[in-house]
Amino acid sequence: MTDRIDLRSDTVTQPTAAMRAAMAAAPVGDDQYGEDPSTNRLQARCAELLGQEAALWLPSGTMANQVALRVLTRPGDEVVASRESHAAWHEAGGAAANAGVQVVEVGRGGVFSVDELLAAIKPAGLPVFPQTTLMEIENTHNRAGGVVLPQPLVRQLCAAARERGLACFLDGARLWNAHVAGGLPLHELAAPFDLVAVAFSKGLGAPGGSLLAGSKDLITAADRQRRRMGGAMRQNGIFAAAALHGLDHHLARLAEDHANARRLAERLAAGSGVQLDLATVQSNIIVFHLPPGLPDAAQVVARARERGVWLNAFAARTLRAVTHLDVSRAQCEQAAAVLTELLAA
Ligand SMILES: *Cc1c(COP(=O)(O)O)cnc(C)c1O
């Protein structure tokens with residue numbers, strides 16, 4: 001990893017030596033008998049942090065989202081989600097394949113209004129319509145550039161959804177970033193939802209793992225769905241210990257990632273020809289566009305890589321850069337220098 005500056009994702013982080021030590025020392029047991037003390041500790045801690053009754057560890061965020069859909073919907077139902085949500089774009093069609101539901105994308109920039117939600121809910125009563133039974137919110141919103149959803153809007157959306165009989169699910173893979181960026185307690189961010197997913201494998205730097213939190217009944221249902229999907233593990237404490245270590249040591253420091261993303265974004269916006277709305281840079285993600293005249297995303301990815309800077313192409317003329325535990329301020333400055341030179345107006 002030495003001189004590679006890897007801004008492709010916050011999932012590329014390596015477990016630190018201290019995290020590996022915590023994993024090696026973790027007390028473990030068979031989690032499917034409820035006997036893994038480290039997993040139990042992580043689940044109890046996250047339930048409390050998120051202000052929910054119970055919590056369940058899962059191997060990935062994608063599985064957490066699939067399990068949530070299976071618990072909160074029936075096949076043939078419809079789910080309203082933000083445009084370019086992870087559920088619609090990054091789960092290989094899992095909503096349809098695993099839960100049998102269709103996702104309707106609304107709004108833009110990671111948010112949608114109460115009016116847009118209400119307009120998307122299919123009328124009840126006529127058998128031609130699918131039943132809209134779930135609203136899914138993504139906070140922070142990945143493809144919209146890591147934006148933090150305004151919590152008053154989240155509360156209004158969840159209240160409107162409930163009034164129409166919809167359940168509410170929060171894809172909070174990066175809820176930790178929303179918490180650190182916006183300063184609101186995690187339990188407040190989670191409160192309006194039936195189920196909440198969080199990930200340990202992103203900014204917290206663990207090698208894997210996500211978690212669902214919610215009422216005891218919903219978590220019991222999620223446990224069965226996890227087993228059905230093949231996601232129930234045994235001596236899972238090795239993973240849970242990494243997550244606990246991440247919560248202890250890597251949560252508050254997300255502020256550094258946010259400051260680094262801000263710095264990189266400001267240099268790109270000022271010193272290159274890219275289209276970058278600085279208002280979207282609210283956490284650790286920078287999404288920017290290449291106007292005509294600049295090379296396309298594939299070319300920029302290839303040229304930047306030759307200079308040691310790794311990025312992701314999100315679309316033909318759209319790129320994403322993500323800051324994390326394994327990129328320092330100095331490396332972000334170096335990446336800014338490389339990219340502004342490559343992308344000079
Ligand atoms: C990363 C991510 C997930 C889950 O991803 P996995 O790679 O399956 O752990 C879910 N939602 C969002 C918004 C994400 O960014």
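This report walks through the domains, the ligand site and a few local backbone features of a predicted model.

## Ground rules

The model is predicted, so local features need pLDDT of at least 70 and side-chain atom pairs count only at pLDDT 80 or more, while totals for chains, interfaces and linings use all residues. Residue numbers run from 1 along each chain as its sequence is written, and side-chain values use heavy atoms, with hydrogens and water left out.

The protein chain is assigned domain 1 (17-249) and domain 2 (253-344), with bounds that come from an automatic or database domain assignment. Taken over C-alpha atoms, the two centres sit 28 Å apart. Across the boundary, 17 residues of domain 1 are in contact with 14 residues of domain 2, contact being heavy atoms within 4.5 Å.

The size of an interface is often given as the accessible area lost when the parts come together. Here domain 1 and domain 2 bury about 1300 Å² between them, 56% of it on carbon and sulfur atoms; the figure is the accessible area (1.4 Å probe) that two parts lose on being put together, summed over both. Arg143, Gly145 and Asn177 supply 32% of what domain 1 buries against domain 2, more than any other three residues.

## What holds hands across the interface

There are zero salt bridges between domain 1 and domain 2, a salt bridge being a side-chain nitrogen of Lys or Arg within 4 Å of a carboxyl oxygen of Asp or Glu. Polar contacts do turn up: five residue pairs, both partners at pLDDT 80 or more. A polar contact is a pair of N or O atoms within 3.5 Å; within protein, one must be able to donate a hydrogen and the other to accept it, and residues adjacent in sequence count only if both atoms are side-chain atoms.

On the side of domain 1 that touches domain 2, helix α8 (residues 175-182) gives the most, with four residues. Helices (H or I, at least four residues) and strands (E, at least two) are DSSP runs, numbered from the N terminus.

## The ligand site

Around the ligand you'll find Ser60, Gly61, Thr62, Asn65, His86, Glu138, Asp171, Ala173, Arg174 and Lys202, each with a heavy atom within 4 Å of it. Aspartate 171 puts a polar side-chain atom 2.7 Å from a ligand nitrogen. Ligand oxygen atoms feature too: one lies 2.9 Å from a polar side-chain atom of arginine 174, and a side-chain N or O atom of lysine 202 is 2.8 Å from a ligand oxygen.

The structure holds 18 salt bridges. One of them pairs arginine 155 with glutamate 188, closest N and O atoms 3.8 Å apart. That pair links distant parts of the chain, with arginine 155 in helix α7 (residues 151-163) and glutamate 188 in helix α9 (residues 186-190), 33 residues apart.

As for the backbone, the peptide bond from asparagine 139 to threonine 140 is cis, with omega near -5°, and threonine 140 is in the loop between β5 (132-138) and α7. Glutamate 84 has a positive phi of about 60° although it isn't a glycine; its loop runs between β3 (78-82) and α4 (86-89).
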